[in-house]
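This report describes a structure of two chains.

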Amino acid sequence: MVVKKPRLNMAMVVLLGAYFIAAFVVLTRPGATLSSDGRTVIRIAHWQIEAGPREALDAMIARYEELNPEVRVEQVAVPGNLYKQWLRTQLIGGSAPDIIEFGSFWGGVDDIPPRFFDPISRYVEEPNPYNDGTSLEGMKWRDTFRDGLNTPDAYIENLSNYYAVTLCMTSMRVFYNPSLLREISGSETLPATYREMRVLGETLRDYNQDHGTKITLYAGSKFTGDVLMLERMNSYGGMGLSFANDRFREQGMRKRDGVLEYLRGQWDFNHPDMHASFILMREMASHLRPGYQQMERDAAIQEFLRRESLMIFAGTWDATSLRTLSPFELEVTEFPWPRASDGELTSHYWGPVSEGAGTTNAAFYLNKAGQHKEAALDFMRFMTGLEGNTIFAQTSGWLPSVREVEVADYAKSYLPRFEGFSVRTSYMRGFGSETREVWSRHMHHLTSPQGGVEPFLEVFQQEFHDALRRDLKKDLRDVYLSIRRDLPPLTALTVLDRLEGLDSNRYRSRLRRESNQAITEAKLYEAEFLTRHGSAVDEME
Amino acid sequence: MPRLLPLGRLLCVGLCSVLSGAAQTQAEISVWEKLSVYQSAVAEQALEDLPSPENAAAQRERDFCAAVVHLDQQPLSESRLDDVEQRFQALLAVEDNDEIARASRYLLGRIAQVFRARPDVTHAADYFRGLAEQPGPGIWGEQARLKLTILTLYVLPIRTPAERLELAEGYAVAAHDPIVLRDMHRLLARAILFYNFPSKGALEHLLAADKIGGLVGTQAASQLVQIGELAWDEGDEKLAAHFYERLSKEYPRDPRIFVMQQRLAGEPTPGRGEVVNGR
């Protein structure tokens, strides 16, 4: 006891000392409470911890501070898996940064924009002063974006306002190792057709056998497996089936249309197109390492960088990380998805496939409770001005969100393909969490060496129907909640027009939302009708 | 001159009353603004902080506002809905066809239709039918007609889909508001396709909706695609090409343009099945 007491006291002194030093450093940082630096400090939070964006933000900040010496900008990078919880805590605690990256795709966060972010509609209708003297001078800020800010995270329909500006564009590409490819196939160029890709797979098998290696064709993880097989091979293979059941003439079944046509008996997984795509998925799985479903995305990147796989299918958000970390020169291209001309099993594949309208991503919002909103808004203007976004694109290696920003030669292959057939139905992952869970649980029946299409379908179809009904039930419950949630705001807009006189923006917003709601309700009742009557609806007069 | 004095006093009292009413509604505007952007808890707090209304008209405005704010709070229990219904019924007991009354009747219909754990669509339809048939101020009669059309097309106990469509067509004929009529055409087109009736009828309704116009964004782009695809299925390739031309002009970033380009170039494209009356 006599010996322990002084040690404890010493530990306390060291701890207290460390605490006071840390507190001193924090409180005397430029812009902090006890700092003599009189600059305004704004903070920007994001989750882009891949190589590239942080350095790009630093470069943008350096240039901004040069132009605006009275302002200091700090970036706060928080890993994606913690970001959502971290952000909510910061917002509720009133200590959130001034500019915040946010995404509605997280789900369950619809309350955040109206509570914590300021609308920026009136600002995006004005020119961005940082574009003065450029080809974008005088143009409305929103029109300077490649998609006119026409993305659900920038313009929030329910709130009838613009809330965010976007920083970049993304796409999915295949990154491959040309020297390893030459070693295996004699060519440094990746096959341009899926038929040739299948041949390459066989060549690689022979190579592994001859050399005692275990090189895979595709780097494997749950993410890459799902994206390759479920979101691409299966959905692309089901495009004809989706079009065949396109009852409402929109060029394919959307999520709930797909569910209803299934309940109506118009399609199932025994359809020849589905069957063929299952065989191709099984073939694809044999080119991923065993146990890939248990691996995280980073494990696939490591596998590729260790030359244990020939290529990796990844988002362009990983491009700079791959380029920076790769010990070898790598190449990037579009994956050659099957086309009807690719022979056996591919007659029902349509191509090329469109990668969408090229909407912009990484949406940044203005914190309503921020202390320096003018300065924060000014920095948002800078980072999405021609100069700022050029700095971002050049330093990060990502695609820019702003028009006229030059895309570097190496990044041109990242530009999303616009022309092509649209995929509107995701048969395995698109109907909801219940069916997705059934798929995940039984996938090994399809992809394992002992499995096969028939054993998979036998167990999968037993559970799919009930899971689909549960997904539909949940979906409809959400629709009811959404209609209920919208009624008071829509009533409020009507009353405001009565009390304050007609406001054209408010009026148009209400009409648009009421029109949308009418179709939403029709769809809701169609689903309930089919839940009650099933395929008997087609016998009715 | 002496005769003018009482008139002047009356005018003054009237003006004061109007100004006082305006000041009262000004106070509520902040609450409605909060409600309009989904800030229900803040709206409730703002409502509590308002000064007491000074006259019956202002009290009526306040009671209506309070009922809608109360409807927007959590948890949304059946007892809360009972309470909100009573508030709306109390407003109706005083006056049953002014703008507040019509809004209350519409909201009572919506509570029965979508808020209750066990929706009562027949009861909801009664409210909507009453509003649609009785003239009165505000948008509520036309909105009610739109909701009645949806219930008729899919939910109310009607023998056959053909009868549903016939009844709903009747509501469309009676619509006064062009935007509501446009939305009814869109609903009728959708129902025709849902019940698998010949798609020509759907095309006619969508063309009528297009003629009225006013749609924007995704809905507008999809309607152009729908008309183009229906025209294509009907064999009217010229009409299909025209609507796809409009799509590429008005929504140049819609990737669905590609299918029509392929068709016009004589390239193969996926086709719709016979089961949906496709081509």
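The text below takes these topics in turn.

This is a predicted model, in which local features need pLDDT of at least 70, side-chain atom pairs count only at pLDDT 80 or more, and totals for chains, interfaces and linings use all residues. Residues are numbered from 1 along each chain as its sequence is written, while chains are lettered from A and ligands numbered from 1 in the order in which they are written.

**Chain B**

Chain B has 13 helices and 0 strands; helices (H or I, at least four residues) and strands (E, at least two) are DSSP runs, numbered from the N terminus. Because its radius of gyration is 25 Å, well over the 19 Å from the globule rule for 279 residues, chain B is more spread out than a compact globule. That radius is taken over C-alpha atoms, and the rule is 2.2 Å times the number of residues to the power 0.38. Further values for chain B are tabulated here.

| Property of chain B | Value |
|---|---|
| C-alpha box along the principal axes | roughly 85 × 45 × 40 Å |
| Buried residues, of 279 | 43% |
| Contacts joining residues at least 24 apart, among those at least 6 apart in sequence | 47% |

A residue is buried if 20 or more other C-beta atoms lie within 10 Å of its own, exposed if 12 or fewer, and partly exposed in between, with C-beta atoms placed from the backbone. Two residues are in contact if these C-beta atoms lie within 7 Å.

B:Q26 belongs to helix α1 (residues 4–36) of chain B. B:Q26 counts as exposed because it has 11 C-beta neighbours inside 10 Å. Between B:Q26 and B:T149 there are 36 Å in space, C-alpha to C-alpha.

Beyond four places in sequence, the contacts of B:M184 include B:T149 and B:Y171.

In chain A, an open sheet of 6 strands with mixed pairing runs β2-β1-β3-β11-β6-β12; two strands pair if DSSP finds at least two bridges between them. β2 (71–77) and β12 (399–400) of chain A are at the edges with a single partner strand each, so one side of each lacks a neighbour in the sheet. Strands β3 (residues 99–101) and β11 (residues 361–366) of chain A pair in the antiparallel sense over 3 bridges, and A:I99 stands opposite A:L366 in β11(A).

**Interface**

In chain A, 55 residues are in contact with 58 residues of chain B. α17(A) supplies the largest share of this side of chain A, 15 residues.
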